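Subject: A structure for you to look at

Hello,

Here is the structure I promised to pass on to you. Please open it beside this email, and then read on for what turned up in it.

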Amino acid sequence: MKYVDEFRDAAKCRPLIEKIQQTVTTPRTIMEVCGGQTHGLLAHGIDEALRDCVRLLHGPGCPVCVTPAQIIDHAIQIAAQPDVIITSFGDMLRVPGNGESLLECRAAGGDVRMVYSPLDAVRLAQQEPDRQVVFLAVGFETTLPATALAVRQASQLMLTNFSLLVSHVRVQPAMELIMQEPGCLVEGFLAAGHVCAVSGYQSYRPFVERYRVPVVVTGFEPADLLTGILECVELIERQTPDVVNRYERSVRESGNSAAMALVREVYEECDQEWRGIGTIAQGGYQLREAYRDLNASLRFPIQDLSQQFFDVAASPCRAGDVLTGRIRPSECEHFGTTCTPHNPLGAPMVSTEGACAAYYRYAPPVSKTESPLP
Amino acid sequence: MCLAVPGKVVEWLDPDPLFATAVVEFGGIRRTVSLACVPESRIGDYVLVHAGVAICQVDEEEAARVLATLEDLEDHLGDGDEVRR
Ligand code: SF4
């Protein structure tokens, strides 16, 4: 496929690896924020190839992993009502809330459907006028234009049977949180390329000023990832923290203004609960007051969930440590033993973009027992 | 979740700003995609599609420039190998 295959070509990757090895004077620690990049790095063996010179920490960028369990519980509660169809992305259906997942809810008779696009959910609402269609809207800035468009279309079509259960998250406040951690090891960030395609990268300038770490906008194919890493280690070595775009074919400095106008019309920033991490100030988006009629959490108010709550402190899952790069998945004592994709203890092992699932799938057995980070 | 795939616009279907759609081809597979966020796209342009919505255009000149740089690097490495051998 054009713009994929050329950037996957091993012949283009080898010199990049060599250049990275030549550039670093001591092993450097870089965090990739996006779960898609985590998978790319592991699937193509980039983490292994750079093992001696770059330590890659995996960030919180799996939206499915950080969606609060209560939202999933709420969606399951809504699905239990008559004449309701719950829709979401496939990955979101597999992650359990405090009890079951939406897929399990479907097996028990709930009408839960996977859609490829929120716009498909709008079409479903048009086709099923006698039923309520709810879309569970999760994702980072990349996904915001699609769900904002669904809201605008439904409102233009005056659909009274469509609503959104929103749990959107923002990348940058999570990066701030990581930098504020005592003993933070991160020397540079690979910024999520598709997030930046939508929202641009100007907002990283104050971040770089404040924390003195470089931020390199990076794509997803092996040559893109390596180009981003090379730029990042060069900036670290030169001690010139800056924001640099290395995903030039898709990202402009101010992002996509048409997409951002749509997003701002529909959403506003809000404090947001991140699963495994806690509440992040301005860490998410909510529907604006003008679209309250399309807000599923108002249309289907939550019933008492208290008996269903697990004791979070008693959960053995170390998702919070994994999501903030404090440990690698393989350092979790449950990894690969009591926690596997078939029998997951936490969201990062369930979601196909979760770091634990990526390690389970791609990391060679030796990495599972590697020594912990210093 | 943030996966986005590049595809080529092959046919505009609806020019309405909110319901803008086109047929986009991904390595032989055709899908209907919203172009509401890239209304300036023309037939033959490449767009990056996520969750049924094109989120940006792919800048072909930038892509060609970066690929040329990568090829240069590759040639350089080739030379280096020659010397070492
Ligand atoms: S390996 Fe399992 S238990 Fe450990 S952090 Fe990952 S998901 Fe949680």
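This is a predicted model: local features need pLDDT of at least 70, side-chain atom pairs count only at pLDDT 80 or more; totals for chains, interfaces and linings use all residues.

Leaving aside residues up to four places away in sequence, A:Ser167 touches A:Thr67, A:Pro68, A:Ile71, A:Ala137, A:Val138, A:Gly139 and A:Gln272. This residue lies in strand E6 of chain A, which runs over residues 162-169. Is A:Ser167 buried or exposed? A:Ser167 is buried, because its relative accessible area is 2%, and the cut-off for buried is under 20%.

**Chain A as a whole**

Now zoom out. Chain A has 18 helices and 11 strands. Its C-alpha trace spans about 65 × 45 × 40 Å along the principal axes. A compact globule of 374 residues would have a radius of gyration near 21 Å, and chain A agrees with that, because its own value is 21 Å. Of the 374 residues in chain A, 60% are buried. Among the chain A contacts between residues at least 6 apart in sequence, 79% join residues at least 24 apart. As for the surface, chain A exposes about 14,700 Å², and 49% of that comes from carbon and sulfur atoms.

One helix to find is H10 of chain A, residues 171-180. Because 7 of its 10 residues are buried, H10 is largely enclosed by the rest of the structure. The buried residues in H10(A) are A:Val171, A:Gln172, A:Pro173, A:Ala174, A:Met175, A:Ile178 and A:Met179.

**Two backbone angles to check**

Most residues other than glycine have a negative phi. A:Tyr3 is not a glycine, but its phi is positive, at about 70 degrees. A:Tyr3 sits in the segment before helix H1 (10-23) of chain A and is buried, with a relative accessible area of 5%. A:Gln239 is not a glycine either, and its phi is also positive, at about 55 degrees. You will find A:Gln239 in the loop between helix H13 (222-238) and strand E9 (243-245) of chain A. Is A:Gln239 buried or exposed? A:Gln239 counts as exposed, because its relative accessibility is 68%, and the cut-off for exposed is over 50%.

**Empty space inside**

Rolling a probe the size of a water molecule over the atoms shows where empty space is left. How many cavities of 30 Å³ or more are there? The count comes to 4. The largest cavity has a volume of about 110 Å³. This cavity is lined by 13 residues, and the closest to its centre are A:Cys317, A:Arg318, A:Cys332, A:Cys339 and A:Cys356. Sorted by kind, the lining of the largest cavity has 10 nonpolar residues, 2 polar and 1 charged. Helix H16 (319-323) and helix H17 (347-350) of chain A each supply at least two residues of that lining.

**Chain B**

Then turn to chain B, which has 1 helix and 5 strands. Which pattern do they follow along the sequence? The order is β-β-β-β-β-α. Buried residues make up 44% of the 85 residues in chain B. Among its contacts between residues at least 6 apart in sequence, 29% join residues at least 24 apart. Chain B exposes about 4,400 Å², with carbon and sulfur atoms supplying 51%.

B:Thr21 lies in strand E2 (residues 21-26) and is buried, with a relative accessible area of 18%. Beyond residues up to four places away in sequence, B:Thr21 touches several others, including B:Trp12, B:Asp14 and B:Ser34. B:Ala22 is found in strand E2 as well and counts as buried, at 0% relative accessibility. B:Ala22 and B:Trp12 are 10 residues apart in sequence, and their C-alpha atoms are 4.2 Å apart in space. Among the residues that B:Ala22 touches, again not counting those up to four places away, are B:Val9, B:Glu11, B:Trp12 and B:Arg31.

Enjoy exploring!

Best wishes

Terms used: Residues are numbered from 1 along each chain as its sequence is written. Chains are lettered from A and ligands numbered from 1 in the order in which they are written. Side-chain values use heavy atoms; hydrogens and water are left out. On a 1 Å grid over the protein atoms alone, a cavity is a set of points where a 1.4 Å probe fits but cannot get out, and a pocket is an open set with protein on both sides within 12 Å along at least five of seven lines; lining residues have an atom within 4 Å of a point. Grid points are joined across faces, edges and corners, and a volume is the space filled by probe spheres set on the points. Helices (H or I, at least four residues) and strands (E, at least two) are DSSP runs, numbered from the N terminus. Ala, Val, Leu, Ile, Met, Phe, Trp, Tyr, Cys and Pro count as nonpolar, Asp, Glu, Lys and Arg as charged, and the others, Gly among them, as polar. The radius of gyration is taken over C-alpha atoms; the globule rule is 2.2 Å times the number of residues to the power 0.38. Buried means under 20% relative accessible area, exposed over 50%, partly exposed in between (1.4 Å probe, protein chains only). Contact means heavy atoms within 4.5 Å. Accessible areas come from the Shrake-Rupley method with a 1.4 Å probe; for residues, only the protein chains shown count as cover.
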